[in-house]
Amino acid sequence: MASVNSREWRAVCEKFLRSQELSEKESRKDPENDPFRSKYEARELLKEIYCFLKNVDADESEEEEEEGEEEDGQCEQSESEGGEAAGGRTHPGDSRAGLRAAKLGVVEYYLGVNHIETEELSAGEEHLMSCVKLLEKCAVTRENVSLCIQARNQLGILWAGRDETEKAQGFLETAKSIYVRYMKEDGQPPLDLVDFFVVEQEAPSQQERMRRFEMVYTHTLYYLAQVYKNLEQYEKAGQYCHSTLQRQLKFSQFVPLEWAINAAALSQYYITKTRYMEARHCLAAANVIAGLAGEVPSEAAAKESEVEYEKREQLRQKRAEIARCWIKYCRNLLEDAKKLLEDNIGELDLDRQEEMLRARRDEEEEKERGRKSAVLFDSSDTFDSICRQEEKVSSVLPLIFEEASAIFLVGQGYVAQAKEYFEMDGHVTDHIEILQDHSALFKVLAFFEERLERRCKMHKRRVDILEPICKDLNPQYYLLICRQLQFELAETFNEMMDLKLGVADKQDQPDAHTIKKLNHLCTSSIKYYQMFLDSIRSPEGKFPEKLEDDLLRPALAAKFRVARLQSKIITTNLNAQLENLNHSLDSYNFVVQYCEENPEAKKAVETELELSEEMVSLLPMKINRIKSKLASSN
Amino acid sequence: TTLPLQSSSDGDAIKVYVRVRPLTQGTGLTTDGDRNLCLTVTSPHTVRLHSKPEPRTFTYDHVADMDTSQESVFSSVAKNIVESCMNGYNGTIFAYGQTGSGKTFTMLGPNELNDFSDELRGVIPRSFEYLFFLINREVERSAGAKSFLCKCSFIEIYNEQIFDLLDSASASLFLREDIKKGVFVEGAVEKYAASAAEAYQVLSMGWRNRRVASTSMNRESSRSHAVFTMTLESKETGQEVVNIRTSQLNLVDLAGSERQRDTHAEGSRLKEASSINRSLMCLGQVIMALVDVSNGKTRHICYRDSKLTFLLRDSLGGNAKTYIIANVHPGSKCFGETLSTLQFAQRAKLIKNKAMINEDTQGNVK
């Protein structure tokens, strides 16, 4: 009897193996006009196995009378059988009924997945639900735990597809709690689904079992991340993304480059939440893991073979992407510190700085505690390397120039690295964004510098970075970027002029050289503001009567600055003075008139409007004074 | 002060033209014999979809009913764009819709004809005719002071790879960006065309390659996007200077909308992780959604655009004039696809465009 059984059982196992083969491998080669052929074949095999389990096992248990009565229920009466067998199922490994339920559950599960894959969702759902019901009373056992989680993973996917996200969430959360309970109560490597249908010696190792099981749960978290995104619960979605990455790392289930990019991207999420410690951790981990993807093949090797070319391209691109995430990290950290330290005119508030430094000393201990509670990627293999990466840059808001400068230098290093791949030739938009970040790093560093001359030099670096591309870039394709560059250059020259003016104020009488310099900065700023304003004109050269929302503020601000700058040009020539002042008055008038005709604009430029109105009433007097001077000198 | 420049300005939003095809008879399509309509054209700008429980009305720049002629589609959609191209603007016309909704008929004509004089020829042959009509008129008027050069390229995007339809032997190509000429496909073949007939010849040659590809390499044409680009260069010799202007006209046949589940129309479906593949691709999408909600912070998104949106970035919220023709099938069996096409078209309307002229003054040439 036993030999017949084992021969029969071997046949069942082979059937099972074949159905897996059909479903996972051969189905991929099915023709377009018969896309589910292999899946249907696999389904038939599964149905046969199902019937076998129902019948043979029932017969068998009748024969083996010493096994007790609970097994002789008919297969049709699974409901009542389930109830009866409940006692035995607390240790299903020892009980035939339990084992049989587990096997049936596995087949139900695969039937469910098969139906879903062939677009018969309701039938699939039924099978999955009977799988869940079959094992309801003993989900958290070594035999069933993996199956129970996987069935719920599938149900989660199914319901999410039907737009019933809450229902999906329910199944997935249950899957999660089953895992947590199992790990608490047992924690031994559980059985895998296929383990029920293999001949003894083919069973996988304990280690492999654990690995597969952990993967199943990683998928649960991965689905939960998606569910919470769909529910717009971004904080939770973020947590689940983090846990998914953490588990991939811990159980070595990842593709290095892909993992690194995901971690780097997650850092950007933390940046928007001002959680710099976590952001830095993600980036440090991204650096380390990207390093696992291997060395970048040399240019020569890339020319030799296409595979090497692909690899080189991939590695360089992804590393450059991570570098860009670092740049944003440094930039935001510095800018957040600036926001904290600036006074109402945007200058470094020394009292505030002193106060912050004192507060920081007091909070040192507090911070230490925060560092420990932060979520980490704690893979024993990589932990030390990640920490070493982290030590290279602070995650605390800088308060003094030295601290800001250290962060700046790290950012600048990554700028150089990112530019190596994102060259201007071929990657125009990316390259320019990196340059804009570089300029922004200089801008915020200048905020921390007290000496005016040095600040001015930092702004000069910004001009050197941006001016060449602004000249070359074709506005037919890059209008938006052109405008951004024009505006930023205008602002930078304006800033430099103010700084030089500050320096000149300390001298008694500015010399000819200084005056020339000041005028140059002044006209350069006007030029770029004017270029920006001209880009708004219609093809016929007409300035729009009504500005679009997103251009309203910058356009009026630009007009105002032009007005102000024009009145600042230094000249002893009265005629030139007169002309400059007339231009200035025109521009002030523009702002005032535009706001009169479009009252809704007033809010956007409150301060500028107030000053413009004042100037419109004052300037004519000054102009008249010059006129009379001119008249008298003639 | 920071400059809030995210999208472009000046209101040249992308325009959307919805065209309803007539019911099919005996074409072998699954929609044959479907006499029930799922929509009604209620005005030249609105269409009502008979959805339950409440019917829904959608509004577009133009809605064309079943009786609309090819000529009238051309004059509402393409005429203006072709004229702008002559004046130095970039222009793009997209065709969008499910397989069998009449995209090819609208763009090319019946049976992808080679016959140029057919009354039923589509937007593309008509655009060619009109463009060269304008070119010839302009040359005559200027008495030789103005000259034009017209180059065509034709590429296909399939599975995020770019193939050159004018050189079917070539391997997949790369997208690059140039500081002067924007985004372009590196190494794509460019053919000169001196007349509408020549341009059409280039098009039909490429179109045939597309179909060959669909059988020999097991690709299906409706799963790929095809982009036909005409680059127009005009040279005007004035008294002291030579002005050179370039502009592009892109004609885009998008993959059947029903094939695009993977990208846009997917909605709330979860991406599965197959147990064999350790790759969890979708995690990136989730993270992207998180990162997108920023509060004035600047951040870097590591995940690249699709090839199509990258190539046409300029047309989608950039600097060009753009028209989308959304083709829909009125049969009630097509309800789902029609709804998603109408929704796509409505989303497209939110994208803003700004047209701008470009003059490249080359200085004194005396």
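This is a predicted model: local features need pLDDT of at least 70, side-chain atom pairs count only at pLDDT 80 or more; totals for chains, interfaces and linings use all residues.
Local features are given where pLDDT is at least 70 and side-chain atom pairs at pLDDT 80 or more, while totals for chains, interfaces and linings use all residues. Residues are numbered from 1 along each chain as its sequence is written, chains are lettered from A and ligands numbered from 1 in the order in which they are written, and side-chain values use heavy atoms, with hydrogens and water left out.

Chain A has 23 helices and zero strands; helices (H or I, at least four residues) and strands (E, at least two) are DSSP runs, numbered from the N terminus. The radius of gyration of chain A is 36 Å, well over the 26 Å that the globule rule gives for 634 residues, so chain A is more spread out than a compact globule. That radius is taken over C-alpha atoms, and the globule rule is 2.2 Å times the number of residues to the power 0.38. The C-alpha trace of chain A spans about 130 × 55 × 55 Å along its principal axes. Of the 634 residues in chain A, 51% are buried, where buried means under 20% relative accessible area, exposed over 50%, and partly exposed in between (1.4 Å probe, protein chains only). Among contacts in chain A with a separation of 6 or more, 69% join residues 24 or more positions apart; a contact means heavy atoms within 4.5 Å.

Chain B has seven helices and 15 strands. Buried residues are 50% of its 366 residues. For contacts in chain B with a separation of 6 or more, the share from residues 24 or more positions apart is 71%.

The helix pairs of chain A come next. Helix 4 (residues 96–117) and helix 5 (residues 121–134) of chain A pack at an angle of about 160°, with axes 7 Å apart. Axes are lines fitted to C-alpha atoms, for helices over the stretch in contact, and angles run from 0 to 180 degrees between N-to-C directions. Helix 4 of chain A is therefore roughly antiparallel to helix 5 of chain A; angles under 35 degrees count as roughly parallel, over 145 as roughly antiparallel, 65 to 115 as roughly perpendicular and the rest as oblique. The crossing of these two helices is left-handed, a term for a near helix turned anticlockwise from the far one by less than a right angle, clockwise being right-handed. On the helix 4 side, the residues that meet helix 5 of chain A include Leu104(A), Gly105(A), Tyr109(A) and Gly112(A); among their partners in helix 5 are Gly124(A), His127(A), Leu128(A) and Cys131(A). By class, the contact of helix 4 with helix 5 of chain A has ten nonpolar, six polar and one charged residue. Here Ala, Val, Leu, Ile, Met, Phe, Trp, Tyr, Cys and Pro count as nonpolar, Asp, Glu, Lys and Arg as charged, and the others, Gly among them, as polar.

Further along chain A, helix 18 (residues 452–472) packs against helix 19 (residues 475–506) at about 155°, with axes 9 Å apart. Helix 18 and helix 19 of chain A are therefore roughly antiparallel, and their crossing is left-handed. Their contact divides into twelve nonpolar, four polar and nine charged residues.

Helix 19 of chain A also crosses helix 21 (residues 549–566) of chain A, at roughly 35°, with the axes coming within 12 Å. This crossing is left-handed. Residues of helix 19 in the contact include Arg483(A), Phe487(A) and Glu491(A), and those of helix 21 include Pro554(A), Ala558(A) and Arg561(A). The contact of helix 19 with helix 21 of chain A has six nonpolar, one polar and five charged residues.

Ser252(A) is in the loop between helix 9 (234–250) and helix 10 (256–272) of chain A. Its phi is near 50°, a positive value in a residue other than glycine, and at 43% relative accessible area Ser252(A) is partly exposed. Thr274(A), in the loop between helix 10 and helix 11 (276–292) of chain A, also has phi near 50°. With 44% relative accessibility, Thr274(A) counts as partly exposed.

Thr382(A) lies in the loop between helix 14 (350–373) and helix 15 (383–390) of chain A. With a relative accessible area of 7%, Thr382(A) is buried. Leaving out residues up to four places away in sequence, Thr382(A) touches Leu249(A), Val288(A) and Ile289(A). Thr382(A) and Ala285(A) are 97 residues apart in sequence and 8.1 Å apart in space, C-alpha to C-alpha.
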